[in-house]
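Here is a brisk report on selected features of one protein model. It covers a core, a sheet and one further residue.

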Amino acid sequence: MRITSKVIGVGLLSMTTACSSLSWLNPFKEKDKNPPAALVDIKSPIPAKTVWKHSVGKAGLYVFSPALADNALFVADNDGTIERLDAATGRSQWKIKAGTDLTAGVGANGKLVAVGGTKGAVLAFDAATGAQLWKVQASSEVLSAPAVTDELVIVRSMDNKITAYDAKTGDRKWFLQRTTPPLTLRNAPGMVVAQPNVYVAQPAGKLLALALANGVPRFEVSVAEPRGATELERVSDIGGTPIVVGSDICAVTYQGKVGCFDLSTGVAKWSKPASSDVGVGADQRFVFVADDKGHVSAFSREGGQSAWKNDSLGNRVLSTPLSYGRVVAVGDFQGYVHLLSREDGSMLGRVATDGSPIRSAPVVAGSNMIFQTQSGTITAIAVE
């Protein structure tokens with residue numbers, strides 16, 4: 001995780017300092033006050049296997065998450081490669097070069113694939129063929145994967161401007177800009193679409209709902225209020241992408257709280273102290289948080305009561321948790337995928353990928369869980 005400082009007066013963004021020695025960019029090359037927890041043998045691990053692997057290319061300083069649409073996976077890398085894979089087998093169906101380095105992706109539905117390029121470029125491609133449809137220029141760097149609907153491609157740039165483009169032509173349909181605090185996380189706060197709104201993670205712990213039709217704010221709620229005596233202590237940005245489950249939308253902030261809100265009104269249902277910059281996982285019963293200390297916790301989705309906490313992965317720089325079947329899966333800075341019991345958090349298994357960090361949000365594709373590493377290995381994992 002990194003901190004970004006806005007240079008007052010000129011509107012530029014510059015990187016200032018790492019907020020944690022646990023950064024996946026340089027993890028534990030020197031002795032650290034908080035070394036990563038050692039991995040211990042698991043007695044009687046559950047049957048888990050790697051179904052397929054595919055390499056797309058390195059993410060570099062950015063984070064690329066796979067996108068699932070119509071039984072296809074869309075993946076990308078920093079070098080400009082975009083690829084469509086068969087979700088069941090990992091076989092490549094097409095592979096293209098965007099013509100520019102990429103900084104964000106992938107957003108996709110069954111018709112269109114969208115990514116962010118260098119200097120704020122936004123590019124859209126045909127999902128069936130990979131042919132480029134259009135290219136536009138955002139107001140600043142894009143680190144968050146675009147949100148794609150049949151009608152719109154919605155982009156959040158680093159100056160906190162949310163812009164909707166026509167999915168067919170790239171013409172701008174609407175935009176909204178929010179101010180940013182003096183210090184924010186240099187991460188990729190995500191967006192999620194649930195008709196008729198798009199929900200946008202914001203700095204300073206805000207969750208913003210905008211009408212898809214015209215960008216008019218439906219509501220803006222605080223997941224957590226910034227607290228502390230210094231600007232660094234007051235950083236409380238939403239981490240990762242909010243998640244929609246049933247009639248709830250849930251999110252977590254750095255140095256703040258995790259909570260769930262009514263999807264239509266924004267009314268808070270519950271919140272609990274938490275700190276994460278990678279977002280939450282959720283299912284019908286639980287909300288899962290991998291915090292900045294490497295602890296994985298489960299909260300009741302209905303009332304927020306603590307269900308369990310696993311602290312055996314301390315300081316291993318964890319990814320967004322993924323709930324699937326009887327397990328909650330989470331990646332770490334060495335490319336391991338850890339399989340925890342959904343019911344009590346006990347460690348059930350472990351699968352290795354390629355040894356590089358897993359920072360992107362995993363997805364479920366059929367009977368497989370899909371993880372992408374920073375070195376670009378796409379791994380499909382199945383649990384019996």
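## Core and sheet

Beyond its neighbours within four places in sequence, V113 is in contact (heavy atoms within 4.5 Å) with F74, I82, W94, V106, G107, A108, L123, A124, F125 and A127. The model is predicted: local features need pLDDT of at least 70, side-chain atom pairs count only at pLDDT 80 or more, and totals for chains, interfaces and linings use all residues. Residues are numbered from 1 along each chain as its sequence is written, and side-chain values use heavy atoms, with hydrogens and water left out.

The largest nonpolar core holds 23 residues. Such a core is a set of buried Ala, Val, Leu, Ile, Met, Phe, Trp, Tyr and Cys residues joined through side-chain atoms within 4.5 Å. Buried means under 20% relative accessible area (1.4 Å probe, protein chains only). F74, I82, L102, V106, V113, V115 and F125 touch the most other members.

Strands are DSSP runs (E, at least two residues), numbered from the N terminus.

Four strands form an open sheet in the order 12-13-14-15, with antiparallel pairing (at least two DSSP bridges between two strands). Strand 12 (147–148) and strand 15 (172–177) stand at the edges with a single partner strand each, so one side of each lacks a neighbour in the sheet. Five bridges join strand 13 (residues 152–156) to strand 14 (residues 161–166). L152 has D166 as its bridge partner in strand 14.

M369 lies in strand 34 (residues 368–372). M369 is buried, at 0% relative accessible area.

How values were computed. Buried < 20%, exposed > 50% of the residue type's maximum accessible area, 1.4 Å probe, protein only.
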